[in-house]
Amino acid sequence: MGEETALSCPITADLGLLREHVRAFASAEGLSGSRLDDLVIAVNEAADNVLEHGGGSGRLDAWADDRGIWIDVADSAGTLTAGDLYRQGADPPPAASRGYGLWIIRRLCDEVVVERSGDRSLLRMHVAYPVPREAAGETKTAGAGAPPGAPLA
(Lines give C-alpha, C1' and ligand atoms only; values in the text may rest on other atoms or scores of the structure.)
Protein backbone atom coordinates (compact mmCIF):
# COMPACT_ATOMS: atom_id res chain seq x y z
CA MET A 1 0.00 0.00 0.00
CA GLY A 2 2.98 2.29 -0.01
CA GLU A 3 2.77 3.50 3.60
CA GLU A 4 2.64 1.69 6.90
CA THR A 5 -0.87 0.85 8.06
CA ALA A 6 -2.06 1.63 11.55
CA LEU A 7 -3.38 -1.88 12.20
CA SER A 8 -2.40 -5.08 10.46
CA CYS A 9 -3.25 -8.59 11.58
CA PRO A 10 -3.86 -12.04 10.15
CA ILE A 11 -7.38 -13.36 9.88
CA THR A 12 -7.67 -16.49 11.96
CA ALA A 13 -10.49 -18.49 13.51
CA ASP A 14 -10.26 -16.22 16.59
CA LEU A 15 -12.73 -13.64 15.28
CA GLY A 16 -13.27 -12.33 18.81
CA LEU A 17 -9.65 -11.21 19.00
CA LEU A 18 -9.89 -9.60 15.55
CA ARG A 19 -13.02 -7.71 16.62
CA GLU A 20 -11.23 -6.50 19.77
CA HIS A 21 -8.27 -5.22 17.74
CA VAL A 22 -10.51 -3.39 15.27
CA ARG A 23 -12.69 -1.93 18.03
CA ALA A 24 -9.66 -0.67 19.97
CA PHE A 25 -8.05 0.82 16.86
CA ALA A 26 -11.19 2.53 15.55
CA SER A 27 -12.13 3.80 19.00
CA ALA A 28 -8.66 5.29 19.48
CA GLU A 29 -9.10 7.01 16.10
CA GLY A 30 -12.34 8.64 17.23
CA LEU A 31 -15.08 6.35 15.94
CA SER A 32 -17.76 5.67 18.54
CA GLY A 33 -21.32 4.56 19.15
CA SER A 34 -23.32 2.86 16.44
CA ARG A 35 -20.75 3.71 13.74
CA LEU A 36 -18.11 1.80 15.73
CA ASP A 37 -20.50 -1.12 16.15
CA ASP A 38 -21.27 -1.07 12.41
CA LEU A 39 -17.58 -1.29 11.57
CA VAL A 40 -16.94 -4.18 13.97
CA ILE A 41 -19.90 -6.15 12.58
CA ALA A 42 -18.81 -5.51 8.98
CA VAL A 43 -15.26 -6.65 9.77
CA ASN A 44 -16.58 -9.80 11.44
CA GLU A 45 -18.68 -10.63 8.36
CA ALA A 46 -15.76 -10.00 6.00
CA ALA A 47 -13.35 -12.08 8.07
CA ASP A 48 -15.87 -14.91 8.39
CA ASN A 49 -16.23 -14.90 4.59
CA VAL A 50 -12.44 -15.15 4.24
CA LEU A 51 -12.38 -18.18 6.53
CA GLU A 52 -15.28 -19.89 4.79
CA HIS A 53 -14.91 -18.87 1.14
CA GLY A 54 -11.55 -17.13 0.77
CA GLY A 55 -9.10 -19.96 1.14
CA GLY A 56 -9.20 -19.96 4.94
CA SER A 57 -6.56 -17.30 5.44
CA GLY A 58 -6.20 -13.61 4.91
CA ARG A 59 -5.04 -10.33 6.31
CA LEU A 60 -6.72 -7.23 7.69
CA ASP A 61 -5.14 -3.80 7.32
CA ALA A 62 -6.74 -0.67 8.73
CA TRP A 63 -6.00 3.03 8.73
CA ALA A 64 -7.76 6.27 9.50
CA ASP A 65 -7.94 9.58 7.71
CA ASP A 66 -9.98 12.73 8.20
CA ARG A 67 -13.02 11.04 6.64
CA GLY A 68 -13.14 7.89 8.76
CA ILE A 69 -11.80 4.37 9.13
CA TRP A 70 -10.69 2.26 6.17
CA ILE A 71 -10.39 -1.53 6.34
CA ASP A 72 -8.80 -3.79 3.75
CA VAL A 73 -9.56 -7.50 4.03
CA ALA A 74 -7.43 -9.59 1.67
CA ASP A 75 -7.96 -13.30 1.13
CA SER A 76 -5.70 -15.97 -0.28
CA ALA A 77 -8.21 -17.56 -2.69
CA GLY A 78 -8.89 -14.53 -4.86
CA THR A 79 -12.42 -15.60 -5.79
CA LEU A 80 -14.34 -12.54 -4.54
CA THR A 81 -15.40 -10.20 -7.36
CA ALA A 82 -17.13 -6.83 -7.53
CA GLY A 83 -20.18 -8.66 -8.89
CA ASP A 84 -20.43 -10.65 -5.67
CA LEU A 85 -21.23 -7.45 -3.76
CA TYR A 86 -24.55 -7.17 -5.58
CA ARG A 87 -25.35 -10.83 -6.16
CA GLN A 88 -28.31 -10.60 -3.79
CA GLY A 89 -29.55 -7.30 -5.22
CA ALA A 90 -31.22 -4.89 -2.86
CA ASP A 91 -32.38 -7.66 -0.53
CA PRO A 92 -31.39 -11.28 -0.08
CA PRO A 93 -34.07 -13.91 -0.66
CA PRO A 94 -36.36 -13.92 2.40
CA ALA A 95 -35.96 -17.67 2.91
CA ALA A 96 -32.15 -17.62 2.64
CA SER A 97 -30.36 -19.10 5.64
CA ARG A 98 -26.95 -17.96 4.35
CA GLY A 99 -25.43 -15.38 2.08
CA TYR A 100 -26.10 -12.26 4.11
CA GLY A 101 -22.47 -11.29 4.79
CA LEU A 102 -21.79 -9.01 1.84
CA TRP A 103 -25.34 -7.66 1.99
CA ILE A 104 -24.79 -6.69 5.65
CA ILE A 105 -21.40 -5.14 4.85
CA ARG A 106 -22.97 -2.99 2.12
CA ARG A 107 -25.63 -1.77 4.56
CA LEU A 108 -23.23 -0.93 7.39
CA CYS A 109 -20.37 0.69 5.48
CA ASP A 110 -20.38 3.98 3.63
CA GLU A 111 -18.17 2.61 0.84
CA VAL A 112 -17.38 -0.96 -0.21
CA VAL A 113 -15.13 -1.94 -3.10
CA VAL A 114 -13.69 -5.23 -4.32
CA GLU A 115 -10.36 -5.37 -6.15
CA ARG A 116 -8.51 -8.38 -7.50
CA SER A 117 -4.82 -8.78 -8.10
CA GLY A 118 -3.18 -12.03 -9.07
CA ASP A 119 -4.39 -14.70 -6.69
CA ARG A 120 -5.82 -12.32 -4.08
CA SER A 121 -9.10 -10.53 -3.57
CA LEU A 122 -9.32 -7.39 -1.50
CA LEU A 123 -12.47 -6.06 0.11
CA ARG A 124 -12.09 -2.39 1.05
CA MET A 125 -14.61 -0.97 3.52
CA HIS A 126 -15.00 2.58 4.78
CA VAL A 127 -17.01 3.86 7.72
CA ALA A 128 -17.17 7.64 7.94
CA TYR A 129 -16.97 9.70 11.09
CA PRO A 130 -20.41 11.15 11.91
CA VAL A 131 -18.90 14.66 11.74
CA PRO A 132 -15.75 15.22 9.66
CA ARG A 133 -12.77 15.77 11.96
CA GLU A 134 -11.91 19.08 10.33
CA ALA A 135 -15.42 20.39 11.05
CA ALA A 136 -15.12 19.24 14.65
CA GLY A 137 -11.84 21.15 15.00
CA GLU A 138 -9.66 18.05 15.35
CA THR A 139 -6.43 17.47 13.49
CA LYS A 140 -5.21 14.04 12.44
CA THR A 141 -1.70 13.47 13.77
CA ALA A 142 -1.14 9.73 13.70
CA GLY A 143 -2.50 6.50 12.34
CA ALA A 144 -2.89 7.47 8.70
CA GLY A 145 -1.97 4.71 6.31
CA ALA A 146 -2.35 4.31 2.58
CA PRO A 147 -4.78 6.72 0.98
CA PRO A 148 -8.20 5.42 -0.02
CA GLY A 149 -8.11 3.82 -3.44
CA ALA A 150 -4.50 2.68 -3.13
CA PRO A 151 -3.94 -0.35 -5.36
CA LEU A 152 -3.09 -3.80 -4.04
CA ALA A 153 0.57 -4.25 -3.25
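What percentage of the 153 residues in the protein chain do buried residues make up? I looked this up at the outset and recorded 42%. I note that the model is predicted.

**Entry 1: overall layout**

I counted three helices and five strands in the protein chain. Reading along the sequence, I wrote down the pattern β-α-α-β-β-α-β-β. I then turned to contacts between residues at least 6 apart in sequence, and found that 67% of them join residues at least 24 apart.

**Entry 2: the sheet**

I traced the five strands as an open sheet, ordered β1-β2-β3-β5-β4, with antiparallel pairing. β1 and β4 each have a single partner strand and stand at the edges, so one side of each lacks a neighbour in the sheet. From one strand to the next, I recorded an average twist of 15 degrees.

I examined two of the pairings in detail. β2 and β3 run antiparallel and are joined by seven bridges; here I found Arg59 opposite Ala74 of β3. α1 packs on the sheet, where it touches β1, β2 and β3, and its direction makes about 165 degrees with that of β1.

β4 and β5 also run antiparallel, and seven bridges join them. In this pair Ser117 stands opposite Arg120 of β5. I noted that β4 and β5 form a hairpin with two residues between them, and that Gly118 in the turn has a positive phi of about 60 degrees.

**Entry 3: helix α2**

I next took up α2, which covers residues 33-53. This helix has 21 residues, and its first and last C-alpha atoms lie 30 Å apart, close to the 30 Å expected at 1.5 Å a residue. After α2 comes Gly55, with a positive phi near 90 degrees.

Which residues of α2 are buried? I listed Arg35, Leu36, Asp38, Leu39, Val40, Ala42, Val43, Asn44, Glu45, Ala46, Ala47 and Val50. An α-helix has 3.6 residues a turn, so residues three or four places apart point the same way. I then looked for what covers the buried residues of α2, and the elements include β1 (7-11), α1 (15-28), β2 (58-64), β3 (68-75), α3 (101-108) and β5 (120-128).

**Entry 4: α1 against α2**

I found that the axes of α1 and α2 come within 10 Å and cross at roughly 145 degrees. The crossing of α1 past α2 is right-handed. On the α1 side I recorded Leu15, Leu18, Arg19, Val22, Arg23, Ala26 and Ser27 as making the contact. On the α2 side the residues are Leu36, Asp37, Leu39, Val40, Val43, Asn44, Ala47, Asp48 and Leu51.

**Entry 5: the nonpolar core**

Which residues touch the most other members of the largest nonpolar core? Of its 34 residues, I identified Leu60, Ile71, Leu123 and Met125. At least two residues of this core come from each of β1, α1, α2, β2, β3, α3, β4 (111-117) and β5. α2 gives the most, supplying eight residues.

I then followed Met125, setting aside its neighbours within four places in sequence. Met125 is in contact with Ala42, Val43 and Ala46, among others. Ala42, Val43 and Ala46 were already in my list of buried α2 residues.

Notes
Residues are numbered from 1 along each chain as its sequence is written. This is a predicted model: local features need pLDDT of at least 70, side-chain atom pairs count only at pLDDT 80 or more; totals for chains, interfaces and linings use all residues. Side-chain values use heavy atoms; hydrogens and water are left out. Helices (H or I, at least four residues) and strands (E, at least two) are DSSP runs, numbered from the N terminus. The expected span of a helix is 1.5 Å times one less than its number of residues. Buried means under 20% relative accessible area, exposed over 50%, partly exposed in between (1.4 Å probe, protein chains only). Contact means heavy atoms within 4.5 Å. A nonpolar core is a set of buried Ala, Val, Leu, Ile, Met, Phe, Trp, Tyr and Cys residues joined through side-chain atoms within 4.5 Å. Two strands pair if DSSP finds at least two bridges between them. Axes are lines fitted to C-alpha atoms, for helices over the stretch in contact, and angles run from 0 to 180 degrees between N-to-C directions. A crossing is left-handed if the near helix is turned anticlockwise from the far one by less than a right angle, and right-handed if clockwise.
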